[in-house]
Amino acid sequence: MKTEITNVDVCCIVNELQNLVNGRLDKAFLIENEQNRELILKIHAPEGGSREVVISVGKYKYITLTNYEREKPKLPPSFAMLLRKYLKNAKIIKIEQVNFDRIVIFHFEVKGEVYKLIAELFGEGNIILLNSEDTIILPLRIERWSTRNIVPKEKYKFPPQKPLNPYNLDFSIAYEVFKDYFLENKGVECVRLISRVFGLGGLYAEEICERAGIDKKKKNLSEEEIKKLFETSKNLFNEIFNNKKPQIVLKDGEYFDVVPIDLKKYQNLEKKYYNSFLEAVDDYFAKFLFSVEIKKEKSKIEREIERQENILKRQLETLNKYKEESEKNQIKGDLIYANYQIVEELLNTIKMAREKMDWIKIKKIIKENKDHPILGLIENINENSGEIILRLKSEVDDKVIEERVSLDIRKNAFENAERYYEKSKKLRSKIEGIEKAIELTKKKIEELKKKSDKELKEKESLKMKKKVRKERKWYEKFKWTVINGFLVIAGKDAITNEIIIKKYTDKDDIVFHADIQGAPFTVIKTNGRKVDEETLEEVAKFSVSHSRAWKLGYGAMDTYWVKPEQISKTTESGEYLKRGAFVIRGKKNYFRNTPLELGIGIIEYDNDLKITTAPPKTLQKSFIKWVLLKPGNKEKGKLVKELKEIFKDYDIDDEDILRVLPPGGCEIVKK
């Protein structure tokens, strides 16, 4: 497959680029990747509108006018910035090919100064900016050759030229040069001599031999054969200059070459014809670049699968850890009950002994009675934490279970057992949450694996691939949470306040507003259900925490709720409401001194795991994993990094977190 244009292609491209002469340069962009660099020149064309010239160097070398959108970098590289500095609004006064070589010069004029932008499309390729004295201002790549150097502040030199220029073949001396070249190199194959004398690639040198009916490997040609090759060369170049048939050549259904004329070598292959060679070149290399993007897309999918599999691995490890801890706590509780009388007696004995003697004496007695049936169960006493560690055992189904069990000396046997059962219960609750997360992760992995080659290839018909953003639900445009099964939404600014009230508030909903300027409207979406007092209290906390009071560091704030029919845009005569502001009429149902309490965590909602904020009671009741927040001055970037680490087992990115945080700064209270 062709990856760079020939000097024949350059000739046709430059001819068609003449329509840009007298156009003006608007901006320059440089797109860099592992294999090549594309310089994009945005030109205001003389006939109106803007066109984009693409100069590509590296592995893929070509020039074209493109109809395909590229994703341009937000921060232009230094070379693009330099071109903007020198050539902003510069007029194109000339575009030329140098001596039928793979060199194109764009001549620019701006404020009386003339600059040249040279594209070299051989070797690795290069783009060089020259001043009016042909001194190099800056090249895209610094290069050093035996005959010239491409470095700043040096005079630019062209590479050595070929013996003949196809533009001048009508002169009689041209044939003499051609003939002498063949006679001086009789031992060389004729196809190589044609290539060298014109600087042609092998494709067109072979085409000349085939059209002339002379074996391309023949040496020591007669003068008649030399004459025939010369005339055939003239006819070929005349066709290139005056009778183009731009086309993409396909082989086995795939793009194989792009050429400006019909060639004998390709006569049996499928062709796709175009009105202009620039259009053909653009489609050819765009298709090629899209295939590269598709490969990248595949690798992205593979990386995403790997990332999700790592998440799944961590989730499974966490699940096993929770299960083991839950089982251990259950066993320890069971062991206390299995040895209830002994444990109770031992705890009472320790308490009684403690009333009469110090810990040193108690420990000494225990040490001296290691063989005692009860005292011998004690492995250690930690008086500072009030813990006693026993080794308890029990026989279940002919199996002996033995564990080290830590007891709180201040509690009785029943209370100690319940402490372990409660721990086990909490862990089982966490297990349910992580199991749901595991199922969702497995589902994501399955979906990624189902992405077929056909689906990816369909992207080839689109323009340059743009960044794919997460699909978000309508309520994620706002601050939102779920409290006791009710969806709660809140505005983020004046615009979203207005949208929430006008578009997303129904007659049965309840609307909160903190009693401070700049607070959002917070709406409980009731769907006709009755809202209990606990839910109202939790939403009150959510409403004040997402108000300006958080940013100001307040500890508490009044808030109130009203029904939607109490909210109006109609003002008293002579009054004016800003965007996002409304008039509240009628009774306001106040929640006085409502504390600003908020945390952030993972909740399952809409068949997905999402991150959002909620008051502590809601977090404890409904969220899988969470941390508390408080107003603070920590940099958002550092906070987001910490939160991403905390919620690394879930598919959370920076934007997910930033969208839900309250106004102003935050700090993590408890992990």
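**Pocket lining and a helix pair in a predicted model**

Guide: Helix H10 gives the lining of the second largest pocket its largest share, 7 residues. This is a predicted model, in which local features need pLDDT of at least 70 and side-chain atom pairs pLDDT 80 or more, while totals for linings use all residues. Residues are numbered from 1 along each chain, and side-chain values use heavy atoms, without hydrogens and water.

Visitor: Which elements each supply at least two residues of that lining?

Guide: They are helix H7 (277–338), helix H10 (413–449), strand E26 (598–605), helix H15 (616–622) and strand E28 (625–631). The lining has 25 residues, and Lys430, Phe623, Ile624, Lys625 and Trp626 lie nearest the centre of the pocket. About 810 Å³ of space lies in this pocket.

Visitor: What makes up the lining by class?

Guide: The lining of the second largest pocket has 10 nonpolar, 5 polar and 10 charged residues.

Visitor: Why is H8 called oblique to H9?

Guide: Helix H8 (residues 340–356) and helix H9 (residues 359–368) pack at an angle of about 135°, with axes 9 Å apart. Angles under 35 degrees count as roughly parallel, over 145 as roughly antiparallel, 65 to 115 as roughly perpendicular and the rest as oblique; therefore H8 is oblique to H9.

Visitor: Which residues make the contact of H8 and H9?

Guide: Ile350, Ala353 and Arg354 of H8 meet Trp359, Ile362 and Ile366 of H9, where contact means heavy atoms within 4.5 Å. By class, this contact has 5 nonpolar, no polar and 1 charged residues.

Key
Axes fitted to C-alpha atoms, helices over the stretch in contact; angles between N-to-C directions. Helix = DSSP H or I, 4+ residues; strand = E, 2+ residues; numbered from the N terminus. Nonpolar A, V, L, I, M, F, W, Y, C, P; charged D, E, K, R; others polar. 1 Å grid on protein atoms, 1.4 Å probe; cavity = no way out; pocket = protein on both sides within 12 Å on 5 of 7 lines; lining within 4 Å. Points joined across faces, edges and corners; volume = space filled by probe spheres on them.
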